[in-house]
Amino acid sequence: MTIKKAYDELEIEDILSEIARIGYIRFKIDHNKQIIDFNKYFNYKINKLRDSNIITDYNFALEVLSLNGDMYKYCSLELRDNEILSILAIKYNGYNIRYASDRIKNIDDIVYIALNNQGLALKYCLDKYKNDERAIELAINNNPLAIEYCYTNINNEIMGIIDKVKTYY
């Protein structure tokens, strides 16, 4: 049996668990003592299943997200509405807020975690945070380019200040 065929027979949960466990997809083949890169193969399998929201079990999701929060996008809509799982994923990567339910996106503390982790996540936050001083401060402190996603009145005020500073230098 070839290596690729052996991986074809794995259940998707086994594949995701292995991905989460090691953080990348490389497998050592003992008989050849080579490193064979299966990135393309597994990316194909995962992309094929992307729309199916394959993680539906809470305990499995908790285990996977504690190892790799980016697997949040593969959770069911019901699990993406869970505060604990959402916080776990968003602490891992602030951009994961884009996959959260609107209820989760409306919880201040979770949004602030996302913006503190990744300022550009402001793009995926609800509109009320694009005018919220604390949210904007967290986002810009993390990444000044987040100013692009602020509402125009704040953006214009800040850009005016930046222009004035530029004239002195």
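Buried means under 20% relative accessible area, exposed means over 50%, and partly exposed lies in between, with a 1.4 Å probe and protein chains only. At 10% relative accessibility, Y112 therefore counts as buried. This is a predicted model, in which local features need pLDDT of at least 70, side-chain atom pairs count only at pLDDT 80 or more, and totals for chains, interfaces and linings use all residues. Residues are numbered from 1 along each chain as its sequence is written, and side-chain values use heavy atoms, with hydrogens and water left out.

**Aromatic pairs**

- The structure holds two aromatic pairs. Rings of Phe, Tyr and Trp (its six-membered ring) pair if their centres lie within 6.5 Å; planes under 30 degrees apart are stacked, over 60 edge-to-face, and the rest tilted.
- Y95 and Y124 form an edge-to-face pair, because their ring centres are 6.2 Å apart and their planes stand at 80°.
- This pair links distant parts of the chain, 29 residues apart. Y95 lies in the loop between helix 5 (83–92) and helix 6 (102–105), and Y124 in the loop between helix 7 (108–117) and helix 8. Helices here are DSSP runs (H or I, at least four residues), numbered from the N terminus.
- Y95 is partly exposed, at a relative accessible area of 24%. Y124 is partly exposed too, at 25%.
- Y112 and Y129 are also edge-to-face, since their ring centres are 6.3 Å apart and their planes stand at 85°.
- Here too the pair links distant parts of the chain: Y112 sits in helix 7, Y129 in the loop between helix 7 and helix 8, 17 residues apart.
- Y129 is buried, with a relative accessible area of 1%.

**Charge over a ring**

- The charged end of R98 sits over the ring of Y124, 5.2 Å from the ring centre. The criterion is NZ of Lys or CZ of Arg within 6 Å of the ring centre and within 35 degrees of the ring normal.

**Helix 8**

- Helix 8 spans residues 133–142, and its buried residues include A135, I136, L138 and A139. These four lie on the same side of helix 8, because they cover an arc of only 165° around the axis. The arc is that of the directions from the helix axis to the C-beta atoms.
- Exposed residues E133, E137 and N141 are on the face of helix 8 turned away from its buried side.

**Cysteines**

- The structure holds zero disulfides. A disulfide is a pair of cysteine sulfur atoms within 2.5 Å.
- C75 is buried, at 0% relative accessibility. C150 is buried as well, at 6%.

Definitions and conventions. Helices (H or I, at least four residues) and strands (E, at least two) are DSSP runs, numbered from the N terminus.
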